[in-house]
Amino acid sequence: MQPAHIIMYKGASGKGELMQDKRRHPRFDVNLPVILRCKGAILPAVVLNISYGGMLIKVDAQDVSYEAPVEIIFDLDDNKRDISMRGQIKRVDKIEDVSDIGIEFTNYFSTGHKIVRDFIGEHLH
């Protein structure tokens with residue numbers, strides 16, 4: 001397990017505050033279109049970053065809720081297409097008409113997760 005990092009964020013007071021970054025896996029920044037399936041709805045979204053353990057996506061504000069199970073379908077490149085991952089919403093930040101949603105993967109032994117793991121490994125090293 002990698003050590004936690006300290007990150008700076010703007011707190012409720014409007015001043016910079018320190019917070020411990022509890023992420024277990026390094027993030028890889030991307031800008032990929034995805035389909036998010038949540039509560040029977042199919043929503044277009046964009047992946048902002050991805051790691052071995054999950055992803056951050058941006059979606060037009062919808063009725064998404066913390067801990068809801070989701071499916072994410074996306075292409076990583078021309079050879080890695082229609083990847084399906086299952087996860088659970090762990091964070092929802094709504095800003096006006098847009099939500100940033102943190103998703104933790106729940107199917108670590110799936111073919112999709114192996115493809116994501118290999119893709120990240122190729123690009124981080």
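Hi everyone, I'll talk briefly about confidence and salt bridges in this predicted model.

The protein has an average pLDDT of 81, and 79% of the residues reach at least 70. Looking at the elements, strand β6, residues 69-74, comes out highest with a mean of 95, while strand β1, residues 5-10, comes out lowest with a mean of 40. Residues 1-14 stay under 50 throughout, though the model does give them 25 contacts beyond four places in sequence. Residues 16-21 are also below 50, with 21 contacts beyond near neighbours in sequence.

Now, the salt bridges: how many does the structure hold? There are eight. Let me walk you through a few.

Take E71 and R37, whose closest N and O atoms are 3.4 Å apart. This pair ties together distant parts of the chain, 34 residues apart, with E71 in strand β6 and R37 in strand β3, residues 28-38. Is E71 buried or exposed? E71 is buried, at 11% relative accessible area, whereas R37 is partly exposed at 40%.

Next, have a look at helix α1, residues 111-124, where D118 and K114 sit four residues apart, so about one helical turn separates them. Their side chains meet in a salt bridge of 2.8 Å, N to O. D118 is partly exposed at 32% relative accessibility, and K114 is partly exposed at 43%.

Finally, D77 pairs with K80 at 3.5 Å between the closest N and O atoms, and D77 is partly exposed, with 28% relative accessibility.

Definitions and conventions. Residues are numbered from 1 along each chain as its sequence is written. This is a predicted model: local features need pLDDT of at least 70, side-chain atom pairs count only at pLDDT 80 or more; totals for chains, interfaces and linings use all residues. Side-chain values use heavy atoms; hydrogens and water are left out. pLDDT is the predictor's confidence in each residue, from 0 to 100. Helices (H or I, at least four residues) and strands (E, at least two) are DSSP runs, numbered from the N terminus. Contact means heavy atoms within 4.5 Å. A salt bridge is a side-chain nitrogen of Lys or Arg within 4 Å of a carboxyl oxygen of Asp or Glu. Buried means under 20% relative accessible area, exposed over 50%, partly exposed in between (1.4 Å probe, protein chains only).
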